[in-house]
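Welcome! Have a look at the picture, then read on.

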Amino acid sequence: MGAVRALAAQGQLPLPPPMPAAAAQLLGQAHRGLAEAAAEPQANWRYAGAHLAALRGAAAVLAARTRPEPARRRPRSAWVLITEVAPELGEWAVFFAANAPKRAAAEAGLSSAVTDREADDLVRDVGAFLTAVETTVSRPAPAPAAPVRLRSMDGGKRRPSGRTP
């Protein structure tokens with residue numbers, strides 16, 4: 001802590017810890033995927049590509065904030081996991097989870113699954129999401145909140161049961 005104070009006194013603040021390599025790689029893939037989706041002329045593929053880019057962004061957060069578990073557990077959605085490890089991205093997770101069926105329909109080739117406007121809106125939304133992911137991944141995970149301990153007003157003396165003050 002003394003080093004931080006010394007740097008702050010000199011007008012320099014310490015650099016944030018580097019982004020984990022796996023998270024940086026996934027975030028790069030997400031940005032490239034979003035750029036490809038934005039250039040796609042067909043709305044279905046534009047929508048599906050943008051949604052996939054959002055999933056890669058979610059994977060970047062998971063790579064930065066979780067560690068592999070040795071025991072096999074039932075697979076869970078990336079969007080469910082995001083709400084647990086990065087609650088600040090919870091609204092985004094709900095949004096993208098709700099759009100997953102539409103992405104599946106678009107990937108299946110249903111011509112009426114997605115309009116041009118919906119695809120363009122999703123491309124824009126994923127761009128904003130990836131910006132939020134960069135912010136989230138570049139700072140350490142918050143420490144879990146400590147349990148709140150309540151103190152009695154009477155200094156810890158117990159009152160006999162059956163008596164009221």
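The crossing of α3 and α6 is left-handed, a label for cases where the near helix is turned anticlockwise from the far one by less than a right angle (clockwise would be right-handed). By class, the residues in the contact of α3 with α6 are 17 nonpolar, three polar and five charged. Here Ala, Val, Leu, Ile, Met, Phe, Trp, Tyr, Cys and Pro count as nonpolar, Asp, Glu, Lys and Arg as charged, and the others, Gly among them, as polar.

Please keep in mind that this is a predicted model, in which local features need pLDDT of at least 70 and side-chain atom pairs count only at pLDDT 80 or more, while totals for chains, interfaces and linings use all residues. Residues are numbered from 1 along each chain as its sequence is written, and side-chain values use heavy atoms, with hydrogens and water left out.

**How the helices pack**

- Helices (H or I, at least four residues) and strands (E, at least two) are DSSP runs, numbered from the N terminus.
- Helix α3 (residues 43-65) and helix α6 (residues 116-137) pack at an angle of about 15°, with their axes 8 Å apart; axes are lines fitted to C-alpha atoms, for helices over the stretch in contact, and angles run from 0 to 180 degrees between N-to-C directions.
- α3 and α6 are therefore roughly parallel to each other; angles under 35 degrees count as roughly parallel, over 145 as roughly antiparallel, 65 to 115 as roughly perpendicular and the rest as oblique.
- Helix α2 (residues 21-39) packs against α3 at an angle of about 170°, with the axes 8 Å apart, so α2 and α3 are roughly antiparallel.
- Among the α2 residues that meet α3 are Ala22, Leu26, Gly33 and Ala37, and the α3 side includes Arg46, Gly49, Ala53 and Ala60; contact means heavy atoms within 4.5 Å.
- The contact of α2 with α3 has 14 nonpolar, four polar and two charged residues.
- α5 and α6 pack at an angle of about 145°, with their axes 12 Å apart, and their crossing is left-handed.
- In the contact of α5 with α6 there are eight nonpolar, no polar and three charged residues.

**Aromatic rings**

- Rings of Phe, Tyr and Trp (its six-membered ring) pair if their centres lie within 6.5 Å; planes under 30 degrees apart count as stacked, over 60 as edge-to-face and the rest as tilted.
- By this rule there are seven aromatic pairs.
- One of them is the stacked pair of Trp79 and Phe96, 5.2 Å centre to centre with 25° between the planes.
- Trp79 lies in helix α4 (residues 78-85) and Phe96 in helix α5 (residues 90-107), so the pair ties together parts that are 17 residues apart in sequence.
- Trp79 is buried, with a relative accessible area of 6%; buried means under 20%, exposed over 50%, and partly exposed in between (1.4 Å probe, protein chains only).
- Phe96 is also buried, at 0% relative accessibility.
- Ring pairs link Trp79, Trp92, Phe95, Phe96 and Phe129 into a cluster.

- His51 lies in helix α3 and is buried, at 0% relative accessibility.
- Not counting residues up to four places away in sequence, His51 touches Trp79, Phe96, Asn99, Ala100, Arg103 and Leu122.
- Val114 sits in the loop between α5 and α6 and is buried, with a relative accessible area of 6%.
- Val114 and Ala48 are 66 residues apart in sequence and 9.5 Å apart in space, C-alpha to C-alpha.
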